[in-house]
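Subject: Structure handover

Hello,

Here is the structure for you to look over. My notes on it follow below.

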Amino acid sequence: MRILILCTGNSCRSQMAEGFLRKMDSSMEVFSAGTEPAKDVHPIAVKVMSELDIDISNNKPKSVTLFKDSKWDYVITVCGDAEENCPVFTGKVAHRIHIGLSDPAKVNGTPSFVEAAFRSIRDEILDRFTKFYNITINPVR
């Protein structure tokens with residue numbers, strides 16, 4: 001099973017989703033990428049994932065162009081804000097899914113407010129990707 005998770009910067013949402021799916025099932029090949037990759041994974045994303053014992057500190061944002069010639073069982077876009085354009089992936093894809101999520105990197109406020117926003121999105125990613133996995137990848141028969 002090969003899964004690619006796409007967003008714009010590949011610094012928060014797609015990295016967290018990749019971390020959760022890898023932890024759910026180590027037999028899957030899970031990658032994330034962005035159309036305009038950031039320089040680094042967002043440090044608050046790293047922090048809030050570590051709170052759940054998932055280490056994404058060594059991950060690096062990657063360009064979607066690295067993956068365009070590969071075959072994928074699922075390509076999942078995670079952008080969600082109205083002003084944001086979801087990337088279009090033209091590679092070989094069996095199934096395309098959109099799981100829209102707000103971008104916690106766009107939240108402004110005190111450090112504790114911003115961290116709370118990251119935790120909220122992290123928890124939503126966990127919930128929605130657990131449902132995706134349980135319904136689509138590993139359904140109870």
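Start with the sheet. It is open, has 4 strands in the order E2-E1-E3-E4, and its pairing is parallel. Two strands pair if DSSP finds at least two bridges between them. Strand E2 (29–34) and strand E4 (92–98) are the edge strands, each pairing on one side only. On average, neighbouring strands of the sheet are turned by 25° against each other, direction ignored. Angles run from 0 to 180 degrees between N-to-C directions; axes are lines fitted to C-alpha atoms, for helices over the stretch in contact.

Some handling notes. This is a predicted model: local features need pLDDT of at least 70, side-chain atom pairs count only at pLDDT 80 or more, and totals for chains, interfaces and linings use all residues. Residues are numbered from 1 along each chain as its sequence is written, and side-chain values use heavy atoms, with hydrogens and water left out.

Back to the strands. Strand E1 (residues 2–7) runs parallel to strand E3 (residues 71–77), and 4 bridges join them. Ile5 stands opposite Ile76 in E3.

Two helices pack on this sheet or lie across it. Helix H1 (residues 13–24) touches E1 and E2, and its direction makes about 180° with that of E2. Helix H3 (residues 111–137) lies across E1, E3 and E4, running at about 145° to E3. Contact means heavy atoms within 4.5 Å.

Now the helix pair. H1 and H3 pack at an angle of about 45°, and their axes are 10 Å apart. H1 and H3 are therefore oblique to each other. The classes are: under 35 degrees roughly parallel, over 145 roughly antiparallel, 65 to 115 roughly perpendicular, the rest oblique. On the H1 side, the contact uses Arg13, Met16, Ala17, Phe20, Leu21 and Met24. Their partners in H3 include Ile121, Arg122, Ile125 and Phe129. By class, the contact has 11 nonpolar, 1 polar and 2 charged residues.

Arg122 deserves a look. Arg122 lies in helix H3. Arg122 is buried, because its relative accessible area is 7% (buried is under 20%, exposed over 50%, partly exposed in between, with a 1.4 Å probe and protein chains only). Leaving aside neighbours within four places in sequence, Arg122 is in contact with Met16, Phe20, Val48, Met49, Glu51 and Leu52.

Tyr74 is next. Tyr74 sits in strand E3 and is buried, with a relative accessible area of 10%. Its C-alpha atom is 6.2 Å from that of Ala94, 20 residues apart along the chain. Not counting residues up to four places away in sequence, Tyr74 touches Met1, Arg2, Ile3, Leu4, His95, Ile97, Phe132, Thr136 and Ile137.

Last, the backbone. Most residues other than glycine have a negative phi. Asn10 has a positive phi, near 55°. Asn10 is in the loop between E1 and H1 and counts as buried at 0% relative accessibility. Asp53 also has a positive phi, about 60°, although it is not a glycine. Asp53 lies in the loop between helix H2 (43–50) and E3. At 67% relative accessibility, Asp53 counts as exposed.

Best wishes

Note on methods:
Ala, Val, Leu, Ile, Met, Phe, Trp, Tyr, Cys and Pro count as nonpolar, Asp, Glu, Lys and Arg as charged, and the others, Gly among them, as polar.
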